[in-house]
Each structure stands twice: as structure tokens, then as C-alpha cells.
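Trainee: Could we go through this structure together? I would like to learn how to read it one feature at a time.

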Amino acid sequence: LKIPVKVKCEGEKCQELKSKANGLVCNGRLAASLSDALGTTVRTPECPSDSPSPSSPPGSKRPTGRITFPDAFPNSVRHWLIIGLLIMALGAAIVFFFVFVPNKPLPMPGVLAFMVCAVAMCSYYCMWAGVGVQFKTSDVTPRVIFFAKYVDWVLTVPMLLFSVGLVAGADSSMILALVGNGILFVVCGFVGSSLVAPYKYFWWVVGVMFYCIVILLLFRTYRSHGLLSINQRTVRTLILIILMAWSLYPIIWVTGSEGTGALGLSQEVALTTLLDCVTKVVFSLVVVTSPATLGLSKKEEEEQSLQQQYSSVV
């Protein structure tokens, strides 16, 4: 009964029918929703608590709230969201142990790493509970949009980039440039997800442009500061995580619910969850195990810096 409706037809009227009926599930309002979509009375005896409603008169506004979350989620989506929630909670607990338990001044990169995992944990709980989830039928194909993840990203992306700048020892202007372009990257994706084609693809292109600027700034940070820092290896690892993992987010966006809808909802949520685990939990663990967070002494820092420079020369 949780298998969603899938409409197969051709013609101009078909698009309207698909936008109304595709993705509907047995959630107590299936009969009313199909009745509205087909313009006649439909009964669904296999759906408990379903009751048909008379067809809507021409030109009348369709009732809203036919699909409710998390009831309408396929089981696979719910499973991936709860997996993401648990992994983020585990990551936050590990980072908390590294940062807050030792009796020493709190390192800023470590505090940011904990906040990243904590925010992501709250975001996954919201998505799992159906908070900030919207079923949009205004585009060619119906789409499930997780607005909670954009709240997550607009908070965590600046913190992740700020962490890279702090670990690399970048100046304040470089950190501000990283954080600003990272926020614009996320905001463009959010605006695009709220629009329909072709306007949403314009915002996708603009967002990718801001992401490219972030990558260029990260390489510049590594050349200017990372090579001279004791955290050279850590900075390189963090930049590689951002370069490889973040590059997949625009691809998932354009092929998932926000874009063409080529990916199924379960596939999109699974890929996004796996990427979030890498870009947040793995990233945070690299940060909290770096010399900048562990608080090496100046002498140890100089010794490791000389050792790294000697190794690079050899």
C-alpha cells in the first residue's frame, strides 16, 4: 500500500495528470487525491481510512495537504534518513570527546567540527520526522524537496570552510571570501529548488560558479599558507574531501528532485546521506585529530614543520 502511484500516458493533458497523481500513496487521502486528479469519484477499498470525495468543479482550486510526511516516505527513504541521523550523532559524540573532555582551552576548529555534526544531526531528525519537507507539483514532474537540508548546509558549509581557514592559518580576508562564496553556493541551490524549469537551472549554474570560486580560493589558501603550516597534511586532506565530495552535490541536485528527477527519491537520499557522512563526520574527525586541534607545543610544531619540509625536499 506504500507503493506510489505512477502515471504512464502521452499528450498535453497527461502532464497535468502526472503532476497531480504521480507519487501519491495510501495515506488516508489517496481516494480524494485521485478523485481530484481524474475529475470523477474514485474509491480505494484497499486503503484504510480512505474516503472518496466528489470531483472538483472546473477551475476550482485543488485541495492542499494531500500528501503528508513522513507517512508518504518509502521505507528506504526513512531508513537512510535514520542512518544519517545515527551517524551524525555518533560523529558529534566522538568529536565532543576529543574537544570538550580534555582539560585544556577549547580549540576553535574542534568546536566548529562539533557544531557541524550537531547541526547535521538535527537536520536529519527534521527530515526523518517530515519537518521542512514539501511535495511540489508545480514543475513538469512532482518533486519532494527537503528544505531542512538547505538550513543545514547554510549553517555547516561556512563552518567547514572556516575550519579549513583556521587549520591552514589563513588571514581573515581569505576566510571571509571562502565563507561568503560558500554561503552563496548553498543559497543558489535553495532558490533553484523553489523554482521550476528553466529558471531553476540558471540558479544551478550560478551556484556551480560560486563553488568553483571556493575551490580556487582553497587552492590559493593551500599554496599561501598550507605549505608552510604544521597542518600541511591535514589541510591537503580537507581540501581533497571538499574537492571530491562537494563536486557530487551539484550532480545529485541536477539529476534529483530539484532538477530533472532522473534519480529516484531513495537513490537521491542515499547518495546525499553518504556524501554528508564524508563531508561532515569524516571531515570533522580529520580536523579534531590535526595538530591545530590537539594543541601541540611551539617546539613540537617547529620540529614537525622542519620534518615535513625535509621530507618534501627529499
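Mentor: We shall take the strands, the cysteines, the salt bridges and the aromatic rings in turn. Please keep in mind that this is a predicted model.

Trainee: Let us start with the strands. In what sense do S1 and S2 pair, and over how many bridges?

Mentor: Strand S1, residues 133-136, pairs with S2 in the antiparallel sense, and the pairing runs over four bridges. Within it, Gln134 stands opposite Ile145 of S2.

Trainee: New topic. How many disulfides does the structure hold?

Mentor: It holds zero disulfides. A disulfide is a covalent bond between the sulfur atoms of two cysteines, and a pair counts here if the sulfur atoms are within 2.5 Å.

Trainee: What about Cys122?

Mentor: For Cys122 the closest cysteine sulfur is in Cys126, at 6.9 Å, which is also too far for a bond. Cys122 is partly exposed, with a relative accessible area of 44%.

Trainee: On to charges, then. How many salt bridges are there?

Mentor: There are four salt bridges in the structure. One of them joins the side chains of Lys149 and Glu258, with N and O 2.9 Å apart. This pair links distant parts of the chain, 109 residues apart: Lys149 is in helix H5 (residues 147-168), and Glu258 is in the loop between helix H9 (248-255) and helix H10 (265-288).

Trainee: Are those two residues buried or exposed?

Mentor: Lys149 is buried, at a relative accessible area of 8%. Glu258 is buried as well, at 1%.

Trainee: Which other residue forms a salt bridge with Lys149?

Mentor: Glu268 does, and the closest N and O atoms of the two residues are 3.8 Å apart. Because Lys149 lies in helix H5 and Glu268 in helix H10, the pair ties together parts that are 119 residues apart in sequence. Glu268 is buried, as is Lys149.

Trainee: Now the surface. Which residues form the nonpolar patch?

Mentor: The patch is formed by Leu90, Ile94, Phe96, Phe97, Phe98 and Val101, with about 550 Å² of accessible area together. Leu90 is placed in helix H3, residues 75-100. It counts as exposed, at 53% relative accessibility.

Trainee: Phe96 has a ring. How many aromatic pairs are there?

Mentor: The count comes to 12 aromatic pairs. In one of them, Phe96 and Phe100 have ring centres 4.9 Å apart and planes at 20 degrees, so the pair is stacked. The two residues are four apart in helix H3, about one helical turn. Phe96 counts as partly exposed at 39% relative accessibility, and Phe100 as partly exposed at 29%.

Trainee: Why is the pair of Phe96 and Phe114 called tilted?

Mentor: Their ring centres are 5.7 Å apart and their planes are at 55 degrees, so the pair is tilted. This pair links distant parts of the chain, 18 residues apart, with Phe96 in helix H3 and Phe114 in helix H4 (residues 108-128).

Trainee: One last thing: which residues form the aromatic cluster with Trp153?

Mentor: Phe147, Tyr150, Phe190 and Tyr249 form one aromatic cluster with Trp153.

Note on methods: Residues are numbered from 1 along each chain as its sequence is written. This is a predicted model: local features need pLDDT of at least 70, side-chain atom pairs count only at pLDDT 80 or more; totals for chains, interfaces and linings use all residues. Side-chain values use heavy atoms; hydrogens and water are left out. Two strands pair if DSSP finds at least two bridges between them. Buried means under 20% relative accessible area, exposed over 50%, partly exposed in between (1.4 Å probe, protein chains only). Patches are made of residues with over 30% relative accessible area and no salt bridge: like charges are joined within 9 Å, nonpolar side chains (Val, Leu, Ile, Met, Phe, Trp, Tyr) within 5 Å. Accessible areas come from the Shrake-Rupley method with a 1.4 Å probe; for residues, only the protein chains shown count as cover. Rings of Phe, Tyr and Trp (its six-membered ring) pair if their centres lie within 6.5 Å; planes under 30 degrees apart count as stacked, over 60 as edge-to-face and the rest as tilted.
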